[in-house]
Amino acid sequence: MPCDTRFCTHLPYTFMKVSLFVYSCIFWILGSCILGVGIYAEVERLRFKTLDVIFLAPSITLILLGILMSFVSLMGVLGTLRDHMTLLKVFKYALVVCLILELMGGILALAFRNQTKELVNKNIRKGMVNYYDDLDFKNILDFVQKEFKCCGAGDFKDWEVNMYHNSTGRGPLAGGVPYTCCITTKPNEVVNTMCGYKLLDKLSYDVSNIIHTRGCTDAFLTWVIDNYKKIAVLLLVIFLPQFFGVIVSHLYIARIEDYIERQENQNAEASKWTQWYMPVKKR
């Protein structure tokens, strides 16, 4: 049965307004938290030593992501509260642009996977140069090497780029690799921190029973292929909220435009009837 009550007429508008407002607020809060974590991490990083290539720092990535999320979400919050068409359209098109860039980035990365792999390896090697100077990068690489059972970017010989591990050095680490590259046979096993001593000048076959010789880029790609279901779920978690925001904002804008058009038609109709019935004053 059709619903002609005023409540039912305004239900779609109210539902979309509340949904878009809650959606924008959640991402605004999330973006602010990411920004705060990024700023804290950057302050802590600067207490030690700054990387030569600043965009290698994870804290910079968090700060940029937090700023982008906070700005775009703020447009959605203000636009929804005030029914401001310009802000709502900025919010919608910003989400669309982000989605397109993400999809294009994924497609290009797959189409040029060899170049992408080499680019990743190149940036990891840049970070390895400052391995002991930047704790953020060191902790991340140590975690990756232990969890993915790998060593270096392309292979374990990438550690030649680090001044402390380079074979021409004179320190105790010269010609070796970090202990996080070493093979462990028992959980929570205490690893000898010098287990990678003087291994860079040997072949992979000769050290395969002591350290992990494959690079972390290949190890990560292998993990992605083996866990494609988890990756698919992760991609859905990333993309679906953005699709939801685009769809709801589009419907909400369309609803407001329909209301404005209806009001203009009613005003035009009222003006026409007013002119028709209003008597003409005689001079």
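From the N terminus on, the elements of the chain run α-α-α-α-α-α-α-α, and the tally for this predicted model is accordingly given as 8 helices and 0 strands. Of the 283 residues in the chain, 31% are buried. Among the contacts with a separation of 6 or more, 69% are accounted for by residues 24 or more positions apart.

**Confidence in the model**

- The pLDDT averages 83 over the chain, and 87% of the residues score at least 70.
- Confidence is lowest in helix H1 (residues 6-46), where the mean is 81, and highest in helix H7 (residues 216-226), where the value is 91.
- Over residues 1-9 the pLDDT stays under 50, and for this stretch the model has 3 contacts beyond four places in sequence.
- Over residues 50-56 the pLDDT is likewise below 50, although this stretch has 16 contacts in the model beyond near neighbours in sequence.
- Where pLDDT is low, the predicted coordinates should not be read in detail.

**Helices H2 and H3 and how they meet**

- Two packed helices are described by the angle between their axes and the distance between the axes.
- For helix H2 (residues 58-82) and helix H3 (residues 85-111), the axes come within 7 Å and cross at roughly 145°, and the crossing is left-handed.
- On the H2 side, the residues that meet H3 are Leu68, Val72, Ser73, Met75, Gly76, Leu78, Gly79 and Thr80, while on the H3 side their partners are Leu87, Leu88, Val90, Phe91, Ala94, Leu95 and Cys98.
- Sorted by class, this contact of H2 with H3 has 11 nonpolar, 4 polar and no charged residues.
- For H3, the 27 residues should span 39 Å at 1.5 Å a residue, and the end C-alpha atoms of H3 are 38 Å apart, which agrees.
- The buried residues of H3 are Met85, Leu87, Leu88, Phe91, Lys92, Ala94, Leu95 and Leu99.
- An α-helix has 3.6 residues a turn, so residues three or four places apart point the same way.

**Leu62, a residue of H2**

- Leu62 is found in helix H2, and because its relative accessibility is 30%, Leu62 counts as partly exposed.
- Leaving aside neighbours within four places in sequence, Leu62 is in contact with Ile34, Leu35, Val37 and Gly38.
- Leu62 and Glu42 are 20 residues apart in sequence, and their C-alpha atoms are 9.3 Å apart in space.

- Most residues other than glycine have a negative phi, and most peptide bonds are trans.
- Asp83 is found in the loop between H2 and H3, just after H2, and takes a positive phi of about 55°.
- With a relative accessibility of 25%, Asp83 counts as partly exposed.
- Lys198, a residue other than glycine, also has a positive phi, near 55°, and is found in the loop between helix H5 (135-147) and H6.
- With a relative accessibility of 35%, Lys198 counts as partly exposed.

**Gln242 in helix H8**

- Gln242 lies in helix H8 (residues 228-277), and because its relative accessibility is 11%, Gln242 counts as buried.
- Not counting residues up to four places away in sequence, Gln242 touches Tyr23, Leu95, Cys98, Leu99 and Glu102.
- Among these partners of Gln242, Leu95 and Cys98 also belong to the H3 residues that meet H2, and Leu95 and Leu99 are listed with the buried residues of H3.

- Thr213 is found in the loop between helix H6 (204-207) and H7.
- Leaving aside neighbours within four places in sequence, Thr213 is in contact with Cys151, Asp155, Phe156, Ser204, Val207 and Ser208.
- The C-alpha atoms of Thr213 and Lys157 are separated by 8.3 Å, although these two residues are 56 residues apart along the chain.

Key: Residues are numbered from 1 along each chain as its sequence is written. This is a predicted model: local features need pLDDT of at least 70, side-chain atom pairs count only at pLDDT 80 or more; totals for chains, interfaces and linings use all residues. Side-chain values use heavy atoms; hydrogens and water are left out. Axes are lines fitted to C-alpha atoms, for helices over the stretch in contact, and angles run from 0 to 180 degrees between N-to-C directions. Helices (H or I, at least four residues) and strands (E, at least two) are DSSP runs, numbered from the N terminus. A crossing is left-handed if the near helix is turned anticlockwise from the far one by less than a right angle, and right-handed if clockwise. Contact means heavy atoms within 4.5 Å. Ala, Val, Leu, Ile, Met, Phe, Trp, Tyr, Cys and Pro count as nonpolar, Asp, Glu, Lys and Arg as charged, and the others, Gly among them, as polar. pLDDT is the predictor's confidence in each residue, from 0 to 100. Buried means under 20% relative accessible area, exposed over 50%, partly exposed in between (1.4 Å probe, protein chains only). The expected span of a helix is 1.5 Å times one less than its number of residues.
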